[in-house]
Amino acid sequence: NKLVLVSSGLGNSSIAFGTVSYGSNGVLEYQGASAQTTANAEFPSAGGPPTVIINNLHGVMLHASRTILTALDLQQGEFSIGSNTLTLNGAVNQTSGTWAGGAGSNLVMAATGPSTNLPAIELNNLTINRTNDIGLAGNITVHGTVSITSGSLNANGFQVKYEPGAALRYNGTTEQTAGNAEFPTNHGPTALIIENPTQLNLHANRTISGTIHLQNGVFSIGNFTLNLIGFFQQNAGTLSSGASGHLVFEENNLPSILPSATILANLTVNRSGGVTMAGTATVNNNLNLSNGDFLIGSNLLTINGSITKTLGALVGGDFSSITFGGSGTPTGLHEITLHSLTINRPQGINMLGNVTVKHALNLMSGPFSIGSNTMFINGSINVLTGNLLGGANSTPVSYTHLRAHETVLDLVCRLLLE
């Protein structure tokens, strides 16, 4: 059941001709007094040893990409993966031995094997595709991509450390939740890739300095804060949050997009290069315009909470639309040009600058207070139960300027119809 290859100062034992075929309980052990390198003869790509034992103080080098079905026993010495892919369908058992990788080494934890712990190692790519959880027995450094396909990675006091430019990918087929082991607070991934067709849930407050790739499914930030220094790249994925989640566009002096069909509790724009909506968006609590323009584009922005403005600006256009909904307190609308504006908030909305509506002003519920500002309406006024209010410095206008179905009884503001 066991093949032992022994090395000495005079050389290494090896298989001269043919290859070894292993049964289900077969074992290949490397031991000796000098370094060894595996070979096709004793370690073939098909029908290879279910269990491999490293028992050589001088180390063993893997010669090619290989799969170990049952167990890798690191008894003594170093097992070097080199620029290969090692696929483990079983356990990693460590006594006094270690393993080593590098910027070209790949490790795949696959199949339905048992839970096991991974000793510290440096890798290019790490793939977790095992229903039984994988734990860390040391920090793992990654230069390429960590892919979580199935199961989860348990920290056990350690973490994955990402080199600059490294990425974290979630590509499972059922709902996944991120974890501290693969998505740590410090030395985290530069890029985040969501390929799960169902949903990925953020587990804690996190920062991404590179690109978030919304390839598929829903990326929910939950009730946490996601700070984005980089950008969004959207394919078929969408973005959402819980009742108190917060997306913050941090400063990097470059423009970015807000993905289409985004639904957030809180959104902060703090980027001098601006943020442009790529499609419809809903903000349920607070839109914080800290710095830079937030451009609606040819889209609909629904605001169910408040707008807080410091150095930023909300920018509309001839094809931009805003709907104020929700049941919250009144909020202000600064100077803007819109295609359509809908007021559907019982507590009302206050103008804090001149507003131009090119197509339709829809007064569904609550007062829309013009105050000491000017409202330009190039289209229609549609009234359900809402009303339009002026202010002490407003100039009355004749109702003959309005069509019958557009009459608002207490219209005392300066209203210019073009």
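Me: Where does Ala261 lie in this predicted model, and why is Ala261 called partly exposed?

Reply: In this predicted model, Ala261 sits in the loop between β33 (256-258) and β34 (262-270). Its relative accessible area is 37%, and because buried means under 20% and exposed means over 50%, Ala261 falls in between and is called partly exposed.

Me: What makes the phi of Ala261 worth a remark?

Reply: Ala261 has a positive phi of about 65° although it is not a glycine. Most residues other than glycine have a negative phi. Asn156 is a further case, with a positive phi of about 55° although it is not a glycine either.

Me: Where is Asn156 placed, and why does Asn156 count as partly exposed?

Reply: Asn156 belongs to the loop between β20 (153-154) and β21 (160-162). Its relative accessibility is 47%, and since the exposed class requires over 50% and the buried class under 20%, Asn156 counts as partly exposed.

Me: Why is Leu287 called buried, and what does Leu287 touch?

Reply: Leu287, which is found in strand β36 (residues 281-295), has 0% relative accessibility; the cut-off for buried is under 20%, so Leu287 counts as buried. Leaving aside residues up to four places away in sequence, Leu287 touches several residues, among them Leu267, Phe294, Leu301, Ile303 and Leu314.

Me: How many helices and strands does the protein chain have, and why is the protein chain called more spread out than a compact globule?

Reply: The secondary structure of the protein chain comes to zero helices and 48 strands. Its radius of gyration is 31 Å, whereas the globule rule gives 22 Å for 418 residues, and because the value is well over that figure, the protein chain is more spread out than a compact globule. The C-alpha trace spans about 110 × 35 × 30 Å along its principal axes, and buried residues make up 51% of the 418 residues.

Conventions. Residues numbered from 1 in each chain as written. Predicted model: local features only at pLDDT ≥ 70, side-chain atom pairs only at ≥ 80, totals over all residues. Heavy atoms only, no water. Helix = DSSP H or I, 4+ residues; strand = E, 2+ residues; numbered from the N terminus. Rg over C-alpha atoms; globule rule 2.2 N^0.38 Å. Buried < 20%, exposed > 50% of the residue type's maximum accessible area, 1.4 Å probe, protein only. Contact = heavy atoms within 4.5 Å.
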